[in-house]
Amino acid sequence: MNKKSILRQAAAYPHIVWAILFIIAPLIFVAYYAFTDKEGNFTFSNIASLAEASYLEVFLRSVCFAFLATVICLVIAYPVAYFISRTSPKAQRILIMLITLPQWLNFLIRTYSWMALLEDNGIINSFLGLIGIEPIHMINTPFAVILGMVYNFLPYMIIPLHSVMSKIDPRLYEAAADLGCNPIKTMFKVVFPLSRSGIISGITMVFVPSISTFYISQKLGGGNFDLIGDTIERQFQTAYNYNLGAAMSFVLMILIIISMAIMNKYSDEDGGVIV
Amino acid sequence: MNEKKIIEPKGVTFVDNSEEVQYKKIVQLKNVAKSFDGEIILDHINLDVHEKEFMTLLGPSGCGKTTTLRIIAGFVTPDTGDVMFDDVKINDVPPYKRHVNTVFQKYALFPHLNVYENIAFALRLNKVSEEEIYKRVEEMLAMVNLRGFEKRDVNLLSGGQQQRVAIARALINNPKVLLLDEPLGALDLKLRKDMQNELKNIQRRTGITFIYVTHDQEEALSMSDTVVVMADGKIQQIGTPTDIYNEPQNAFVADFIGESNIIDGVMLDDYRVRFSGHEFECLDKGFDKNEPVDVVVRPEDVDVVEEGKGMLVGTVTSVTFKGVHYEIIVSIKDFKWMIQSTDYVEPNKKIGIYIEPDAIHIMKKSEYSNMFGDYSSFSDELERLSDTTEEDE
C-alpha cells in the first residue's frame, strides 16, 4: 500500500468517527429504548401499544398532511423550476437566490409570522375587512398547517428540480418544438421524463421533514392536529416516556425508509438520487 | 461578362440541373436582417428556395448561414424583413407550427427515448395509430439503413448512427422543407463521404427541399443544385456549383471555393486584359476601358512550359507531391502563384507559364480585393486549421 492511499484512508477517519458517534450510536439508543421497558427488559409492548387507535390516527394524519404538502410543493415548484431553468445563467443565479432568501430567516420567526398573518384578527383578515369581506378562519386549521409545510419546504423541491432541469441540453427544446411540441407538450414529453431524478429528490426532501415536523403543527394548528413529531416530542418533554417516544421514532423511521424504497424503485437507472 | 465554356474542375462531379423546369418558390427571405447585441449577423438578405431543390448555404463561421437556417426554422425572429413559406408570411409562426423539420448539428436526439421512439416522436404528437407509426418508422429505418436498431439506446450509438436517427426523425413527418445544420460536421472523412451520397439519394427519392448549411466547399459543390455563398452576413453569390466555381462573383467566392490565384489586372478592352506585365486574351467583356479588375486563374488551368515559351516567367519556390498532381508555388513578379501540374519541376528553376483564354475569369473589384489569392503565406496546416475551427455562430 503506498503512502497516498494511507493518507486517503486517514482522511476518512474523522467522518467515520463522526458517523459512529452521531449516527450509529443514536440509532442504537433509539432501538434500545424502543424495545425495552423502564427497567431495561426486552419487550415489544412499546411498539405494540402504537397499534392503539389514537396513535394510528396520528400516524395517518401525519402521512396525509406530509403527502398533501409534498404534492402541492411539486405542483407549485415544477413550473417555477422549469421557468427558472429557461432563463439566462445570470438570471438563474439571482432567481435561485431569491427562492432561498426566506431560508436565511430563522424558521421560528417565519412560522410566527404566518401566525400573525393567519390569525382571526390577523393581517390577512384585517385586510379582507377593509375591502368588505367577512373574516375567514384560517389559523388552527389543517389548511394552516399544510400551508406552513409548503411555505417552509418549497425551496427544497425547487432546488433539486432546477438543478436537473438546468442540465437538460437546450437543443432538445428546439428539437421538440421543431417536431411539433408547443411549450406545454415539451414540458410533458421532454422535460418531465428527463427531470425524474430531480422529482424524486424533491419529493424526498419535502416529504421527510414534513412527516416529522412538530413545530409547524403546534403553532399553526394550535395543537389541534397532533402529528407524529408532536407526539414524540411530548413523550420526551412532558411524559418522560423515553421508551414510547423511541418506539414512535423507530416506526417513523421505518415508514420513511419504506416510502423511500418505493420512490427509488420508480427512479430506476436514473441514479443521482439524494436519499 | 462571362460567356465561356465550362471548365470541369478535377475530382468534383457537378449536378447539372440547367435544363430542369423551374419549380415553385417554397421559402422566400425578403430583405431579412438580424443583429445580436448590436452586431450585424444578417445584412438584408434576399433568398428564394424552390421546391425539390437541394440548396446549400456555404460560408465560413460567423457568416450568418446558421442564423439564416434558424430563421427559416423559427428559432430566430428577424429584426426586419419577411419570411415567406408557400407565399404566406410566417414571421410570427412558432417553430412547432411550421412545415419544416431540422437535422441539428449535434443531432439533439432525446436521450430518454430509444431509436424507435425518437423517430416516432412527431407521429405520436399527432395521435397517429400504432400500426401506422410502426409502418412509417420501419420505412424510415430502412431508408437510413438502421433496420434492427429499434430498441437501441440512442446514447450508445455511434456518431454516424445517431446522425441517421436524426435524419429519420426529421423526415418522418414528410416536411416540405428539411433544414440540415452542418449535419456531417462531427463525422470522420470516410463516413462523411458515404453520408453525402446517402443524403443526396434521400433528397432525390423523397423530392423534399433540402436547405443544407456547411462550411465545407467540397460538400457544397458535390451535393447541391444551388449553392449560396455567404460572408459577413451577406450573400456573395447564388448559383449552380459550376457557376460558383467557374464564374465567381468576387475575390471572396473565388478564394473560398477551391484554390485560386487572384491577381490585380486592368481590363484594356473587351476580351483583353493585362496583368503581371503581360497582355492576355480572355472571354470576358462589358467592363469599362482600363477598369481595374480582379483576375482569377485556377491552379489546374495553368500550363507549365519552358522558360522562353511562356507568357510569364517565374521561379519555382516549392513543390509538393499531392498524389494526383504536384502543387507548385511559383513566384512571378513578387506574386506567388499556385499551379497544379502532373509534371514535376525542379525547385528554384525558372519556368514559363501559359494560360489559355478560357482559363481566365475577370471579376469586378470588391471589398474583398487584395485580401485573398496570393500563396506567399500558404501552408496546408493553416488551411486545415481554418477548416476545423468551425463551430457555431
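How many residues does the contact take from chain B, and how many from chain A? I began my notebook with this question, and I record that the model in which I looked for the answer is predicted.

**Entry 1: the contact between the chains**

I found that chain B gives 14 residues to the contact and chain A gives 15 residues. I then looked up which elements of chain B give two or more residues to the side that touches chain A, and they are strand S6 (100-103) and helix H2 (115-125). H2(B) supplies the largest share of that side, namely three residues. I also sorted the residues on this side of chain B by type: ten are nonpolar, three are polar and one is charged.

**Entry 2: chain A as a whole**

Which kinds of element does chain A have? I noted 13 helices and zero strands. Read along the sequence, the pattern of chain A is therefore written as α-α-α-α-α-α-α-α-α-α-α-α-α. Chain A has 275 residues, and 30% of them count as buried. I next looked at contacts in chain A with a separation of 6 or more; 72% of these are accounted for by residues 24 or more positions apart.

**Entry 3: the open sheet of chain B**

In what order do the four strands of the open sheet in chain B stand? I read the order as S2-S1-S4-S5, with antiparallel pairing. As background, I noted that strands of a sheet pair through backbone hydrogen bonds, either parallel or antiparallel. Strand S2 (39-50) and strand S5 (88-89) of chain B stand at the edges, and each has a single partner strand, so one side of each is left without a neighbour in the sheet. I then examined one pairing in detail. Strand S4 (residues 80-85) of chain B is joined to S5(B) by two bridges, and these strands run antiparallel. On looking for the residue opposite B:Met84, I found B:Lys89 in S5(B).

**Entry 4: helix H1 of chain B**

Is helix H1 (residues 65-73) of chain B mostly covered or mostly uncovered? I found that H1(B) is mostly covered, since nine of its nine residues are buried. The buried residues of H1(B) include B:Lys65 and B:Arg70, and also B:Leu69, B:Ile71 and B:Ile72. Among the others that are buried in H1(B) are B:Thr66, B:Thr67, B:Thr68 and B:Ala73. Finally, I looked just after H1(B), where B:Gly74 takes a positive phi of about 100°.

Notes: Residues numbered from 1 in each chain as written. Chains lettered and ligands numbered in written order. Predicted model: local features only at pLDDT ≥ 70, side-chain atom pairs only at ≥ 80, totals over all residues. Contact = placed C-beta atoms within 7 Å. Nonpolar A, V, L, I, M, F, W, Y, C, P; charged D, E, K, R; others polar. Buried ≥ 20, exposed ≤ 12 C-beta atoms within 10 Å, placed from the backbone. Pairing = 2+ DSSP bridges.
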